[in-house]
Amino acid sequence: MATQTIPEALTAPAQRFGNAPPFPEDVPTAPLLRLSLAKLIERDADEIHRFQRACEDLGFFYLDLSGPGDSLLADADQLFKVGEQLFDLPVEEKQKYDFMHKNSYFGYKGFGANVVDRKGNLDRNEFYNVSKDDMYGLSDQWPAPDVLSSRRPLLKSFIGQAHGIVTLVLELLNEHLRLPPNTLQDMHRLEGHSGDQIRFIKAPPQPVNDRRTALGEHTDFGSVTVLFNRLGGLQVLPPGRDAEWCYVKPLPHHAIINLGDAMVKFTNGLLRSNIHRVMAPPGEQADYTRYSLVYFNRPENDVMLKRLDTSELIPPLDEDEVEEEINSKDWIIRRALGHRHAIYGDKAFDFDRTRGTEAKSQRAYL
Ligand SMILES: O=C(O)CCC(=O)C(=O)O
Ligand SMILES: [Fe+2]
C-alpha cells in the first residue's frame, strides 16, 4: 500500500471487558486512524484532514468520544448490559421476535440463520435489531420483549446521540466533497423514515478445534456505522491486491466508525466502504462471549442510491456504466436478508448473489 500508516491503536491501552484478558499484542492490527470528536467539532484543520484521508483510504476510523461523547459512552455501557439480559432470554422467546417472514430485518436473528461464506458455512452469532423509526414513534411499534420495551427511553437516547455523530460525519463529508449545503444531511434526517437501527450482537466462544467466521465478510449496507466493541474479533481487509485480514483492536472511550455502500454509490467510489468480518476473538479472548453494539445509519427509504451529480470532485461513471435503479429501503432489505436460508433456501448459499460495493472497496491503490 502506498499510503501505509502506523497503526495508532498499537500505542493505545486496550479496552477491558469483565474478567476477559486484554487484546493480544502479537496479532496483525488494522491501521485505523484515531480521531478526536472534540477536535472534529472544533474543525481542527489537521484532524479534518486526517478524517478525509480515513474516509477515502480505509473507510474505517476510531473516534475518541471523550468529552463531548461522554453521555453516548454512558448509554453504550448501559446497553451492553441490556444486550446481555436480552440474549439470556430463552431461545423460544427470542424467536417470537424474528420478523424475517414479514420481510423485515428488525427484531431477532437466530444463531446460524445466515450463510457466511462461499463454502456454505453458517454464522455463529445472534442479532437483535431495534428500529430508529419505532423508538421515535415514526412507525408502528414492533412487538418486543420487556427487557427492551422497558428501556425505550435509553434506546431512544442512544439513537439520538449516535445519530448526532453520524450527522457530524455527514456535515464534514458534505463540506469535503463541496456538495450544495446539507445535501447529505437532508438525506439522513433523524425524523425521516429510514432503516436506521441499533444492532445487539452476541457471539459465544467457539469450540477450541473449530473456530470459524462468526459474521461473514461484507460491506455495511447504509451510510455511516457507529460500532462499539469490547473484545477483538472484528477484522478488516485493507484495499489492495495483496491485502491480508487485520484485527481491529477495541479501544476504551472510542467508537469505530465506518462508511457503508450508500456513501460509495453517492461518490462513485471516492469514499470507501471497507470489507470486514467477525472471527473468534484473538488469543485467550476466544474463550469469552463477545458482545457488540452497533448503530447503523442509512439513507432515508426513498433515496435512490446513485452517484450525486452536484459535486465536481465526484468522479464520473465509466463510459458504459449504467447504475441500478434501487432505493435505500430495497437495497437494505436485499442486503440484510439475502443470506437467510430460511427465506431463500439454496439461493442463500450463492454467496455472491447479493453483493454490495465490495469490488470498489477492493480496488488497488494506484
Ligand atoms: O461485531 C462487530 O464488531 C461488527 C459487526 C458488523 O460488522 C455488522 O453487524 O455489520
Ligand atoms: Fe458490518
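This is a predicted model: local features need pLDDT of at least 70, side-chain atom pairs count only at pLDDT 80 or more; totals for chains, interfaces and linings use all residues.
Residues are numbered from 1 along each chain as its sequence is written, chains are lettered from A and ligands numbered from 1 in the order in which they are written, and side-chain values use heavy atoms, with hydrogens and water left out.

The iron ion (ligand 2) has three protein donors: H218 (NE2), D220 (OD) and H276 (NE2). They lie 2.1 to 2.2 Å from the ion. Donors are N, O and S atoms within 2.8 Å of the metal (3.2 Å for Na, K and Ca); water is not among the atoms, so sites may look incomplete. Along the chain, the donors of the iron ion follow the spacing H-x1-D-x55-H. H218 belongs to strand β6 (residues 215-218) and H276 to strand β11 (residues 275-278), so the pair ties together parts that are 58 residues apart in sequence. Helices (H or I, at least four residues) and strands (E, at least two) are DSSP runs, numbered from the N terminus. Both histidines are buried: H218 has 13% relative accessibility, and H276 has 6%. Buried means under 20% relative accessible area, exposed over 50%, and partly exposed in between (1.4 Å probe, protein chains only).

Strands β6 and β11 also belong to an open sheet of 4 strands, in the order β6-β11-β8-β9. The pairing is antiparallel. At the edges stand β6 and β9 (246-247), each with a single partner strand, so one side of each is left without a neighbour in the sheet. Two strands pair if DSSP finds at least two bridges between them. Antiparallel β6 and β11 are joined by 2 bridges. L215 stands opposite V278 in β11.

The structure holds 18 salt bridges. A salt bridge is a side-chain nitrogen of Lys or Arg within 4 Å of a carboxyl oxygen of Asp or Glu. One of them joins R50 to E47, with the closest N and O atoms 3.2 Å apart. These two residues are 3 residues apart in helix α2 (residues 45-57), and are therefore separated by about one helical turn. Both R50 and E47 are buried. A network of salt bridges links E8, E47 and R50.

D77 and R230 meet through their side chains in a salt bridge (2.6 Å, N to O). D77 is partly exposed, at 40% relative accessible area. R230 is buried, at 9%.

E325 and K306 form another salt bridge through their side chains (2.5 Å, N to O). Both lie in the loop between β12 (290-297) and α10 (328-337), so the pair ties together parts that are 19 residues apart in sequence. E325 is exposed, with 57% relative accessibility. K306 is partly exposed, with a relative accessible area of 24%.

The structure holds 0 disulfides. A disulfide is a pair of cysteine sulfur atoms within 2.5 Å. The sulfur of C55 is 19 Å from the closest cysteine sulfur, in C246, which is too far for a bond. C246 is likewise in no disulfide, and its nearest cysteine sulfur is that of C55. Both cysteines are buried: C55 has a relative accessible area of 1%, and C246 has 11% relative accessibility.

G269 sits in the loop between α9 (261-266) and β11. This glycine is buried, with a relative accessible area of 7%. G269 and R241 are 28 residues apart in sequence and 17 Å apart in space, C-alpha to C-alpha.

There are 13 residues around ligand 1. R199, H218, N229, R290 and S292 come nearest. A residue is near a molecule or strand if one of its heavy atoms lies within 4 Å of it. A polar side-chain atom of R199 lies 2.9 Å from an oxygen atom of ligand 1. For H218, the corresponding distance is 3.0 Å. An N or O atom in the side chain of D220 is 3.2 Å from an oxygen atom of ligand 1. H218 and D220 are also among the donors of the iron ion.

Key
A polar contact is a pair of N or O atoms within 3.5 Å; within protein, one must be able to donate a hydrogen and the other to accept it, and residues adjacent in sequence count only if both atoms are side-chain atoms.
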